[in-house]
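Good morning, and thank you for the time. I shall speak about the ligand surroundings, the domain interface and the salt bridges, in that order. Please look at the structure as it comes up.

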Amino acid sequence: MSADVLVLGGGLAGVAAAQVLGDAGVRTTLVDRADYHQFQPLLYQVATSQLPAEDVARPLRTIFADVPEVDVVVQGVASASLADRTLVLDDGRRLTAEHVVVAAGARPNFFGVPGAAEHAFPLYSVADAERLRRHHRALVAEAVRTGRFAPADLDIVVVGGGPTGVEVSGAIAELATALRQSDRLPTAGTVHLVDRGAAVLAPFSPKAQAYAHRRLEEVGVDLRLGTGVAAVRPDGVDLTDGTTLATRTVVWAGGESGSAIVQQAGPTPGRGGRLDVRADLGVDGFPGVWAVGDVANIPSGPGPDAPTLPQLGSVAQQSGRWAGHNVLRASRGEDLQPFRYKDKGIMAMIGRNAAVAEVGAHRHEVDGPIAFAAWLGVHAMLLSGVHSRTDAFLSWAWDYFDRDHAATVESHDAPRRIAWGDDSDDVPHIDLGG
Ligand SMILES: Cc1cc2nc3c(=O)[nH]c(=O)nc-3n(C[C@H](O)[C@H](O)[C@H](O)COP(=O)(O)OP(=O)(O)OC[C@H]3O[C@@H](n4cnc5c(N)ncnc54)[C@H](O)[C@@H]3O)c2cc1C
């Protein structure tokens, strides 16, 4: 089977590339192992029962329902040979095309820490978030039912003090506070946040770091900075400073590397196991091959020493779109254009009424509701690439930020939903097996 373009991956990058190509009338096949797109920035709300998993995933076939040129194939890609632009699927099919856009994302990097891959909960997919939610909820339910529990049953260790680790720590700590206030348990456990660095939110300014530090402490997070994780066991974590934290729940937000599929696909993987790309997003030495989003090392400017862009939703979406346009230029025989990233800044939501943002390329620092508004604007824009109902997201998100939603979650079994509408085609089939 052949298409004009193959897109590997239906995340923000792959969807954006396929949309550009499909809209231009190019026959495009998008392959993903899941039948849905997953919106990673809302995964920790799933993990902390603030949102059902279905609300952060959207069927790929629904996204492309009005773009007949895009054919969605729901299959894992078992291997890729980028030299001849071929993907071999789990069911044995081989797909080839004139162009392949690799948008296969990333996977957790456990940095060889013993026990981490076996016992820690990564937070990279809807299935990961749902597994963590069920595990934590089962521990809480057992403690409430029996009234007997050790601190380790409810304490949680979060590894990694970057935006994901900070956001998930803040959300879990708020949930623990709500649980305590519900009088169902005398204590709801402590969240320990461990990071090798001296401060949380390493990419942010010292002022933003101090704000995040203070807000996390205010919601009861125990910050263990300047120490790493030596080993993860089913009942605890050994730290490099010689101490041990007893816990049955370790959340891994400690880093990521390029998707497994690109490790043996032809090009030698670059830093972080990602594919190095030229400024035009093409892979050198592999004509017709492009790499975008989290799977790619995308230069931030001209010259060999330019640092690469961070693994962010807006980088993924913009690079996906740009690669789509460069494929169109290539097929028209036009010059390729170097990727120009429109930097919206960096931001993190720490909890209710607490967010921090460095807005725009000049990194203007704001916090509190203004930072949340910036977060909302950027995320609504990301979401608009995969969902038409951003108004529903905006109203859910303001409510989330504004109210003590953790308390509501604790008193109701079902989290409040985003009012996406009730079209049954919009419900993804989430399989926790993979
Ligand atoms: C918990 C979390 C929170 C985040 N929060 C933010 C945030 O607030 N703001 C922000 O800007 N960014 C955030 N990010 C980063 C952002 O979500 C990513 O940079 C972006 O989603 C990457 O998009 P992508 O399309 O490159 O990869 P992905 O979204 O990972 O998509 C890759 C796709 O490829 C598919 N795939 C991979 N291998 C195979 C295979 N072998 N066969 C078939 N399919 C395959 C996967 O199933 C997946 O659908 C967050 C990330 C995480 C994990």
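An oxygen atom of the ligand lies 3.4 Å from a polar backbone atom of Leu312; a polar contact here is a pair of N or O atoms within 3.5 Å, where within protein one must be able to donate a hydrogen and the other to accept it, and residues adjacent in sequence count only if both atoms are side-chain atoms. For Gly313, a backbone N or O atom is 2.9 Å from an oxygen atom of the ligand. Asp294 uses its side chain: an N or O atom there is 2.7 Å from a ligand oxygen atom. Around the ligand there are 29 residues, each with a heavy atom within 4 Å of it. Asp32, Gln40, Val77, Asp294 and Gly313 come nearest.

A word on the basis of these values. This is a predicted model, in which local features need pLDDT of at least 70 and side-chain atom pairs count only at pLDDT 80 or more, while totals for chains, interfaces and linings use all residues. Residues are numbered from 1 along each chain as its sequence is written, and side-chain values use heavy atoms, with hydrogens and water left out.

I turn to the domains. Domain 1 covers 2–33 + 75–108 + 256–331, and domain 2 covers 116–254 + 345–426, with bounds from an automatic or database domain assignment. Their centres, taken over C-alpha atoms, are 30 Å apart. Eleven residues of domain 1 contact eight of domain 2, contact meaning heavy atoms within 4.5 Å. Together the two domains bury about 820 Å², 63% of it on carbon and sulfur atoms; this is the accessible area (1.4 Å probe) lost on being put together, summed over both. On the side of domain 1, Leu12, Pro108 and Gln317 lose the most area, together 42% of what that side buries.

The whole structure has 17 salt bridges. One of them pairs Glu142 with Arg145 at 3.2 Å, N to O.

Key: Salt bridge = Lys/Arg side-chain N within 4 Å of Asp/Glu carboxyl O.
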